[in-house]
There are 2 protein chains.
Amino acid sequence: MRNPTLHDVARAAGVSYSTADRVLNGRGGVAMKSIQRVRQAIDDLGYRRDITAANLSRRRSYRFAAYVPPGDHGFFSAIRRAFQDQAEARAGQRISVDLRDGLDGPPADCDCAVLAGAGQDRIDALIAGDVPVVALVTDMPGLRAYIGIDNLAAGRTAGRLHRIAHRGRQARVLPVMGSAGLRDHRDRLAGMAEILGAESLLPPIEVQDNPDRMRDLLGHALRADPGITGIYSIGAGNRGLIPLMRDMGENRPFVVLHELTPHSRAGLLDDLIDVVIDQKPAEEVACALEVMKAIADGETPGSVTITPAIFFKENLPGVSA
Amino acid sequence: MRNPTLHDVARAAGVSYSTADRVLNGRGGVAMKSIQRVRQAIDDLGYRRDITAANLSRRRSYRFAAYVPPGDHGFFSAIRRAFQDQAEARAGQRISVDLRDGLDGPPADCDCAVLAGAGQDRIDALIAGDVPVVALVTDMPGLRAYIGIDNLAAGRTAGRLHRIAHRGRQARVLPVMGSAGLRDHRDRLAGMAEILGAESLLPPIEVQDNPDRMRDLLGHALRADPGITGIYSIGAGNRGLIPLMRDMGENRPFVVLHELTPHSRAGLLDDLIDVVIDQKPAEEVACALEVMKAIADGETPGSVTITPAIFFKENLPGVSA
DNA sequence: AAGAAAATGATTGACGTCTTTCATTTGCCG
DNA sequence: CGGCAAATGAAAGACGTCAATCATTTTCTT
């Protein structure tokens, strides 16, 4: 009934505990035929190492470092909070997370580090150390894994939503980027272009994720072209978009934007925007920690693609979620 | 640096390990002032019981029973598979899941049971025992918790999607239920009615989650009323819907249905249906196990509401997910 | 103040794995 | 066959908690 222990394996293989241990943990100095007998016994009994006992014995604790851009930038503050929550929730699992904002020099004193949505600039310094680093939110070459959404697919999804909303009518969708320099944003735009086609997609404007610039530039664009029937806000700064929609009233374009924040949530509830594509920061962070744990355990996990959530007014999660 | 142990707590409180243990585990026979000093020390040191060590010591293993309707009913076979996968994945966490199909008599020999989408009939027998039971997929009164989606919200979301797809035009949406006797289905229909209004919502037809009946009854309804512009398939049996849409070609109605299955996936990819609302069986099962674990640990977790995923052709997860 | 009851301390052996140390056996080589 | 290296076995002490036992001290009763 009880799960077999390594002692059971040793007995079944007809070797001593020591030898079974040497095989299991690859300590070497074991004859080939013993290795095979132990392996066989492990298979036969369906033995699985009791990780909790193992970690207890090793008094292993996972020490992670998380680099998250500073500021209460809406989205990244959600990421930051998610790290704090997760660190709290996993304290019993011997996982500790050290939140850092500056990224001066390679991470030290930790088993694995995670870098959330930073630019490419200082990455080299991070990789330089012998601490493995994974990417969160924004994929970056040279890191051990990427945890985040497929931005191309997100853009396609936004395109599909606009197509559905324009059934039969000619769409004229204005993409609003944070910056064309960001790969995430370019990917989303490219995804939308795949679905909508050039004739429906206007040239993008760039607002640097800034609400004020959003208000100014988008407001200007809307006045300049009254034929705009849709908006795809690719980055942040949506706080500046909401009042513009309020001013337009019934004739506002169909709006799809990213990230569920208090502002976008209110926008949905007030019928000022139509769809929010959310990358579920809490889930991303949880996945990131799993991946980091696996890396720290010596496994080589692949990247994890989060399927973004699509929110309308009607399926907003409660405040607790 | 190291996390404090109960020994540290005892030392800080100026009592013996035994007393600290008696306080921590509520064994009684401790003077009030000792209790307070231990509590204080726990707070001061930020002590948290090392659950892995505790479980190791108790040689606790969680034994769960899962009642899933038999048959390869598409959705429930996914649930079944998810239980198997999770059981496999959590074998190292001392969690074992016993999959049962019939529900004869109360569950025995387990710490908690989960009942997936069964009718109300035999529940009383299940509750009769002293094993706590939680509900999966279908909420049922009298059980300890419900893990599943908010069906009302799902119906509203489907309604919203139809509204978006009908912008400007009058919608005539035909709801296709499995059975009006199922609470889940009634809730979904009610949710859609909230959004669409009576003039856009046709009287529902019932196909008993059966592909053949779906084909017959829905085919008949579509021929009888060529003005149908939308379909909301609330239950299962969508395999019978796909060929009907293929026959209608370009003029097919806008289709929203539930559950991502091989058939509905193919339907999306072939542009024969438009939206799939999925309740993410794997995630539901994982949540259910977490809840059951918490219950077995003596906590009293609340119900968990899963936010369903919305899939278009463009954001289908890869086969691996 | 004696005796009973309550509270506390001290100790021990699990749980399953890790890790190290030391002794013993086996195989191989010349 | 002696000698040396490789392979194996045996044992023990962690890791932090649980759970039980027994001895001792404190507190309360009458």
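User: In β2(B), which residue is the bridge partner of B:Ala66?
Analyst: The model is a predicted one. Strand β1 of chain B covers residues 62-67 and runs parallel to β2(B), the two being joined by 6 bridges. Within this pairing, the bridge partner of B:Ala66 in β2(B) is B:Leu99.

User: In what order do the 6 strands of the open sheet of chain B lie?
Analyst: The sheet of chain B is open and its pairing is parallel. β2 (95-100) and β11 (304-306) of chain B stand at the edges, each with a single partner strand, so one side of each has no neighbour in the sheet. Neighbouring strands are turned by 20° against each other on average, direction ignored. The order of the strands is β2-β1-β3-β4-β5-β11.

User: Which residue of β5(B) stands opposite B:Leu136?
Analyst: Strand β4 of chain B (residues 133-136) and strand β5 of chain B (residues 146-149) run parallel and are joined by 2 bridges. In β5(B), the residue opposite B:Leu136 is B:Ile147.

User: Which residue in β11(B) is the bridge partner of B:Gly148?
Analyst: β5(B) also pairs with β11(B), in the parallel sense and over 3 bridges. The partner of B:Gly148 in β11(B) is B:Thr305.

User: Which strands of chain A stand at the edges of the sheet?
Analyst: In chain A, 6 strands form an open sheet with parallel pairing, in the order β2-β1-β3-β4-β5-β11. An edge strand has a single partner strand, so one of its sides is left without a neighbour in the sheet. From one strand to the next, the twist averages 20°. The edge strands of chain A are β2 (95-100) and β11 (304-306).

User: What area is buried between chain A and chain B?
Analyst: The contact takes 33 residues from chain A and 34 residues from chain B. Carbon and sulfur atoms give 55% of the buried area, whose total is about 3,100 Å².

User: Which residues of chain A lose the most area to chain B?
Analyst: Three residues are to be named, and together they account for 21% of what the chain A side buries. They are A:Ile164, A:Arg167 and A:Glu314.

User: How far apart are the closest N and O atoms of B:Arg160 and A:Glu314?
Analyst: Across the interface of chain A and chain B there are 2 salt bridges. B:Arg160 forms a salt bridge with A:Glu314, and the cut-off for such a pair is 4 Å. Their closest N and O atoms lie at a distance of 2.8 Å.

User: Which element gives the largest share of the side of chain A that touches chain B?
Analyst: The interface holds 2 residue pairs in polar contact, both at pLDDT 80 or more. On the chain A side, the elements that give two or more residues are α4 (51-58), α7 (151-165) and β12 (309-311). This side divides into 15 nonpolar, 7 polar and 11 charged residues. The largest share, 7 residues, comes from α7(A).

User: How many residues apart are A:Arg246 and A:Asp270?
Analyst: Over all chains the count of salt bridges comes to 24. A:Arg246 forms a salt bridge with A:Asp270, with the closest N and O atoms 3.6 Å apart. The pair links distant parts of the chain: A:Arg246 lies in helix α10 (residues 242-248) of chain A, and A:Asp270 in the loop between α11 (262-269) and β10 (275-278) of chain A. Their separation is 24 residues.

Definitions and conventions. Residues numbered from 1 in each chain as written. Chains lettered and ligands numbered in written order. Predicted model: local features only at pLDDT ≥ 70, side-chain atom pairs only at ≥ 80, totals over all residues. Heavy atoms only, no water. Contact = heavy atoms within 4.5 Å. Buried area = accessible area lost by both parts, 1.4 Å probe. Salt bridge = Lys/Arg side-chain N within 4 Å of Asp/Glu carboxyl O. Polar contact = N/O pair within 3.5 Å; in protein donor to acceptor, adjacent residues only side chain to side chain. Helix = DSSP H or I, 4+ residues; strand = E, 2+ residues; numbered from the N terminus. Nonpolar A, V, L, I, M, F, W, Y, C, P; charged D, E, K, R; others polar. Pairing = 2+ DSSP bridges. Axes fitted to C-alpha atoms, helices over the stretch in contact; angles between N-to-C directions.
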